[in-house]
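Subject: Structure handover

Hello,

Here is the structure we spoke about. Please open it alongside this message, as the notes below refer to it throughout.

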Amino acid sequence: MDEEYDVEFIEREERSAKFLVRGVTPAFANGIRRAMIADVPTLAIDEVRFIENSSVMFDEQIALRLGLVPLSTPPNEFDEDDVVTLSLDVSGPATAYSGDIVSSDEMVQPAEENVPIIDLKDGQRLELEADAVLSTGKDHAKHQGGVSVGYRHLQRVETVGDRGEFEDVDPEIYRGVIQEGDELVDTEEFDHDLTNRYPDQEVAVEDVEHAFVFSVETDGSMSVEELFTRAVESLDARAAELEDAVSL
Amino acid sequence: MMVPVRCFTCGNVVGEHWEEFKARSREGDEDPEMVLDELGIDRYCCRRMLVSHKDLVDIVSPYQ
Amino acid sequence: MSYKCSRCKRDVSLDGYGGVRCPYCGHRVLLKERSQDVKTVPVQ
């Protein structure tokens, strides 16, 4: 791997981003992808104490729904065995939403306010206390910060000549990002079909060595930048641990 | 019973969009495809979570 | 153990001698009430 690698954003939103990383090996790119899915810890509800539940769903079902609600996880504030207590108290007729969850810690809030937990009818009530803990996606999918994390090779497209005038044109589908000279173009711009962009020309497509286009989405517990840097940190920490373990 | 909080396949949070989706496409007369596009639910795994869902709380609650 | 009669909705407590029957209306279907204890459920 090169000593330096650079990152270039192609698309950047609050919870999703597409970016190009140059100067990494396929093994390292895959390591980052796997770390984003399984090794970045996030907070999620792990234990629920039901004080009252007269709704139509069982305690276990409601506990599972609460566990899946993403909680905002500030970086470097919590350790693996810290516990954040949250509570929920809703009386029917009403719908209990994730936004009704009251947190004991200001930094930890439901990332999504409008997830319905349970619809309560007249006279029904839900009152509970819950403990959120920090853990990784390896442990349970509710702790998985990265949702639909993937990468593709950056592809270089060059024109190599004219297409025959009466030739049959088959679609040439590429999904991801292509490089034309020095310019990066998202294949969405031409509906993923190179024959739309080069109607009369023959093109040659090849993978650009050590250049990967990541597309990352998060569940809202942290930003894409944070998820990515923490994934790299976790890889770094494990590499250091291995080095430590094998050195005499 | 209630909408799943997350997509079974990819883990994206979809529950938050259910009420708007229901109001516009089930109770309203908009095309579900257009509503899902506008809500930003792009993948077909997440789309099927809302398209195939039916609320059962109102049906079940009289039998408590 | 506290129960509730499914017909007259009154609270019933069983003593083991009278059999399963509501002492107020004679109905034989009783519903068990949820315990007042706080129930701890692990999320999995």
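The notes below go through the domains, the chain contacts, the sheets and the helix pairs.

This is a predicted model, in which local features need pLDDT of at least 70 and side-chain atom pairs count only at pLDDT 80 or more, while totals for chains, interfaces and linings use all residues. Residues are numbered from 1 along each chain as its sequence is written, and chains are lettered from A and ligands numbered from 1 in the order in which they are written.

Domains of chain A

Chain A splits into domain 1 (6–39 + 146–235) and domain 2 (43–140); such bounds come from an automatic or database domain assignment. The centres of domain 1 and domain 2 of chain A, taken over C-alpha atoms, are 37 Å apart. Nine residues of domain 1 of chain A and eleven residues of domain 2 of chain A make the contact, where two residues count as touching if their C-beta atoms, placed from the backbone, lie within 7 Å. On the domain 1 side, helix H1 (26–38) and helix H4 (224–246) of chain A each supply at least two residues. Helices (H or I, at least four residues) and strands (E, at least two) are DSSP runs, numbered from the N terminus. That side of domain 1 of chain A has three nonpolar, two polar and four charged residues. In this count Ala, Val, Leu, Ile, Met, Phe, Trp, Tyr, Cys and Pro are nonpolar, Asp, Glu, Lys and Arg are charged, and the others, Gly among them, are polar.

H1(A) and H4(A) also meet each other. Their axes come within 8 Å and cross at roughly 110 degrees, which makes H1(A) roughly perpendicular to H4(A). Axes are lines fitted to C-alpha atoms, for helices over the stretch in contact, and angles run from 0 to 180 degrees between N-to-C directions. Angles under 35 degrees count as roughly parallel, over 145 as roughly antiparallel, 65 to 115 as roughly perpendicular and the rest as oblique. H1(A) contributes Gly31(A), Ile32(A), Ala35(A) and Met36(A), and the residues from H4(A) include Leu227(A), Phe228(A) and Leu235(A). The contact of H1(A) with H4(A) has eight nonpolar, two polar and no charged residues.

Contacts between chains

Between chains A and B, the contact takes 20 residues from chain A and 17 residues from chain B. On the chain A side, helix H2 (59–68), strand S7 (116–120) and strand S9 (146–162) give two or more residues each, and S7(A) gives the most, with three residues. By class, this side of chain A has ten nonpolar, four polar and six charged residues.

S3(A) pairs with strand S4 (residues 39–42) of chain C in the antiparallel sense over four bridges; two strands pair if DSSP finds at least two bridges between them. Glu47(A) stands opposite Pro42(C) in S4(C). The open sheet has five strands in the order S6(A)-S4(A)-S8(A)-S3(A)-S4(C), with antiparallel pairing. Strand S6 (102–103) of chain A and S4 of chain C stand at the edges with a single partner strand each, so one side of each is left without a neighbour in the sheet. Within the sheet, strand S4 (residues 83–91) and strand S8 (residues 125–135) of chain A pair antiparallel over nine bridges, with Glu127(A) in S8(A) as the bridge partner of Asp89(A). H2(A) lies across S3 and S8 of chain A together with S4 of chain C, at about 150 degrees to S3(A).

Chain C strands

Strand S1 (residues 2–5) and strand S2 (residues 11–13) of chain C run antiparallel, joined by three bridges. Their hairpin has five residues between the strands, and Lys9(C) takes a positive phi near 60 degrees there. S1(C) also pairs antiparallel with strand S3 (residues 30–32) of chain C over three bridges, and Tyr3(C) has Lys32(C) as its bridge partner in S3(C).

Regards
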